[in-house]
Amino acid sequence: MTAQSSRSPAVSHAVAAVWGAAEATAFFIVPDVWLSRVAMRSRREALAASVSAVAGAVAGGIATYAWARRTPPEESREALRKLPAISGEMVDRCVAEIDARGNRAMLTGPLRGVPYKLYARAAGVRGLSLPGFALWSIPARIPRFLAVSAASSWIHGRARARLGENVTRRISGPAHAAFWVAFYAWYLNTVGREDREAEAPPDLRGAR
């Protein structure tokens with residue numbers, strides 16, 4: 001085993017954990033980007049790194065929860081609204097879902113592209129049990145990470161079988177980058193967009 005191959009899993013886990021924590025606080029690009037890249041090299045390594053991404057996400061979620069507990073709700077709402085692809089309506093809806101379903105509301109977020117950090121903030125605002133929030137975060141986060149890793153590995157394997165090892169190696173990096181650039185070009189222009197005038201205080205609506 002070479003030095004590089006022995007270091008790769010450690011690097012994969014470290015990046016996944018830090019990325020998971022960052023995305024659960026203020027960063028807006030999901031750890032799936034990194035995990036899908038790792039999966040093109042090793043399916044097993046990507047699946048293992050998914051666990052590290054979840055651990056980082058839970059740590060970041062706890063930090064966001066704690067921040068929301070000590071920050072006035074309107075202040076934390078406005079701070080999150082400033083992040084890409086997050087609207088005030090999306091923040092408020094997460095609070096309503098937490099009110100209705102508790103921490104279980106986090107389970108449906110990934111299906112709709114709703115950032116986990118919004119549920120962490122809502123749980124903190126509503127004072128839900130921190131241990132309960134942390135435990136529910138695991139099933140809320142890990143299924144998508146595992147699915148993305150497995151899908152990326154499968155696609156890479158099919159490409160290698162059809163195109164050959166050399167061609168696949170040359171195009172996999174650019175293809176991976178192009179996919180995620182296209183995804184975020186769509187996501188940032190579609191999800192979380194809001195009518196800024198409707199979101200403004202009544203006395204500022206229509207002002208020029």
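Tyr184 counts as buried in this predicted model, since its relative accessibility is 9% and the cut-off for burial is under 20%. The residue sits in helix H9, which spans residues 165–190. Its ring pairs with that of Phe28 in an edge-to-face arrangement, with 6.4 Å from centre to centre and 80° between the planes. Phe28 is partly exposed, at a relative accessible area of 30%.

A search of the whole structure gives 13 aromatic pairs. Phe28 and Tyr184 are members of one aromatic cluster, together with Trp19, Phe27, Phe179, Trp180, Phe183, Trp186 and Tyr187.

Helix H2 (residues 32–39) packs on helix H8 (residues 130–163) with the axes 8 Å apart and at an angle of about 35°. The crossing of H2 past H8 is right-handed. On the H2 side the contact is made by Asp32, Leu35, Ser36 and Ala39, and on the H8 side by Arg144, Phe145, Val148, Ser149, Ser152 and Ser153. By class, this contact has four nonpolar, four polar and two charged residues.

The largest nonpolar core has 31 residues, and the members that touch the most others are Ile86, Leu118, Tyr119 and Phe133. Helix H3 (43–70), helix H5 (88–101), helix H7 (116–125), H8 and H9 each give two or more residues to this core. The largest share, six residues, comes from H7. A second, separate core has eight residues, among them Ala16, Leu35, Val54 and Val58. Leu35 also takes part in the contact of H2 with H8.

Leaving aside residues up to four places away in sequence, Tyr119 touches Cys94, Glu97, Ile98, Ala105, Met106, Thr108, Gly109, Arg112, Val114 and Phe133. Phe133, like Tyr119, is among the residues of the largest core with the most contacts to other members.

One backbone feature remains. Most residues other than glycine have a negative phi. Ala85 is not a glycine, yet has a positive phi of about 60°. Ala85 is placed in the loop between helix H4 (73–81) and H5. Is Ala85 buried or exposed? Ala85 counts as buried because its relative accessibility is 10%.

Key:
Residues are numbered from 1 along each chain as its sequence is written. This is a predicted model: local features need pLDDT of at least 70, side-chain atom pairs count only at pLDDT 80 or more; totals for chains, interfaces and linings use all residues. Side-chain values use heavy atoms; hydrogens and water are left out. Axes are lines fitted to C-alpha atoms, for helices over the stretch in contact, and angles run from 0 to 180 degrees between N-to-C directions. Helices (H or I, at least four residues) and strands (E, at least two) are DSSP runs, numbered from the N terminus. A crossing is left-handed if the near helix is turned anticlockwise from the far one by less than a right angle, and right-handed if clockwise. Contact means heavy atoms within 4.5 Å. Ala, Val, Leu, Ile, Met, Phe, Trp, Tyr, Cys and Pro count as nonpolar, Asp, Glu, Lys and Arg as charged, and the others, Gly among them, as polar. Rings of Phe, Tyr and Trp (its six-membered ring) pair if their centres lie within 6.5 Å; planes under 30 degrees apart count as stacked, over 60 as edge-to-face and the rest as tilted. Buried means under 20% relative accessible area, exposed over 50%, partly exposed in between (1.4 Å probe, protein chains only). A nonpolar core is a set of buried Ala, Val, Leu, Ile, Met, Phe, Trp, Tyr and Cys residues joined through side-chain atoms within 4.5 Å.
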